[in-house]
Amino acid sequence: MNDAILLTFNAGSSTVKIGIFRLIGHMPERVGKAVVDFSALPLTLHLVEGPTTFDLPLKRAASDDLADLIEEVFGALAAHFDLDRVVAASHRIVHGGDIFDGPVRIGDEALEQIRSLVNMAPLHQPQALRLVRAVTHLRPKLVQTASFDTTFHTTQPDLVRRLAIPRIWHDRGVKRYGFHGLSYRYVAGALASRAPAIANKKVIIAHLGSGASLCAIDDGKSRDTSMGFSTLDGIPMATRPGAVDPGVLLHFLGPLGKTREELEDMLYHRSGLLGVSGLSGDTRELIGDSSAQAREAIELFTLRIAGEIGRLATTLGGLDGLVFTAGIGENQPDIRAMVAGRLLWMGAELDEQANRRNALTISTPASRIPMHVIPTDEEQMIAEECLSLIAPVG
């Protein structure tokens, strides 16, 4: 299978990242990465890694049927990669519910099971399914696989996953699932080489991007996480609120007269950093804004992150390391510094110069809690899981 090509599709709510991997032995090696942002016009294919890079305006529109658009994208990529050698396409699927505990080949049964979970992840699941259908239309015989954001968290105890609601609803699937699992699985694996001193210990990983969560791991396994039943839960995000008193939601639906659709739109698209600041959901813009609203949004964000670290450390029964990852976590020293500043009581001591450099280790030697910055790579994880299905070792 050497020199065969594997494609990965990482669908967000409004973007898709396409990874192009060459298979060498039992390890996929990325040779290209492309991004399409469905929220930006004109619609453009950005090849951000590969033998060359470019921005190519696309003629096809994004509709419910993405087949024409993906055909155009494939045509553009074929000028730089031998897509005749593609042996599989693998997709990130946000929600696997209690159905999936690992990656799977996508057949009729798996596809129907993934569809059954759309209501659990209405922002992300439909987008991934559209991509599966588009690839099937273009290459009906191509092997497709699914990797799930929830399966990393299936190692959590039942007590952690339980909500304090009548047991019948827990038994029917209303429980905490957790997300960003592909990112956490990658970073947990990277600890062995990047930070071996804490690799098998009690560690909290902070995945901070436009969607954000934290995960407590022990011996590389998920024990608790900030996100629960949905991707709305946990800490504030770019446009999502994080944890909200259920009474507030009842108040919106009752006395304030909001419809379910209006409430859903507010929770997914108008809350979080954008809602608090009234300016932007992008921490880079807010850090550079001198207004009181922007400052308050950043302070609330970092306060909730630090508070969640304290809660997760309680689940672990201690804390041996803290890792920052994803777009904000990897690239924004000011956010990391504000979080670390709220953890002084835990003995966290930041090396300011290392932090400014986005160094691997950003804590001082005297810090009781080692702090690291480790880039995540969800597409690499998707590719490795796919390869485990189509060419299992041994």
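By class, how many nonpolar, polar and charged residues does the lining of the largest pocket have?

Analyst: The model is predicted, with local features needing pLDDT of at least 70 and side-chain atom pairs counting only at pLDDT 80 or more, while totals for chains, interfaces and linings use all residues. Residues are numbered from 1 along each chain as its sequence is written, and side-chain values use heavy atoms, with hydrogens and water left out.

The lining of the largest pocket has 21 polar, 13 charged and 10 nonpolar residues. Here Ala, Val, Leu, Ile, Met, Phe, Trp, Tyr, Cys and Pro count as nonpolar, Asp, Glu, Lys and Arg as charged, and the others, Gly among them, as polar. A pocket is an open set of points on a 1 Å grid over the protein atoms alone, where a 1.4 Å probe fits, with protein on both sides within 12 Å along at least five of seven lines; lining residues have an atom within 4 Å of a point.

The largest pocket holds about 1,300 Å³ of space, a volume being the space filled by probe spheres set on the points, which are joined across faces, edges and corners. Its lining comprises 44 residues, and Lys17, Gly209, Ser210, Gly211 and Gly327 lie nearest the centre.

At least two lining residues come from each of the strands β1 (4–11), β2 (15–24) and β3 (27–37) and the helices α8 (260–269), α10 (283–287), α12 (326–331) and α15 (378–390). Helices (H or I, at least four residues) and strands (E, at least two) are DSSP runs, numbered from the N terminus. With five residues, α12 gives the most to this lining.
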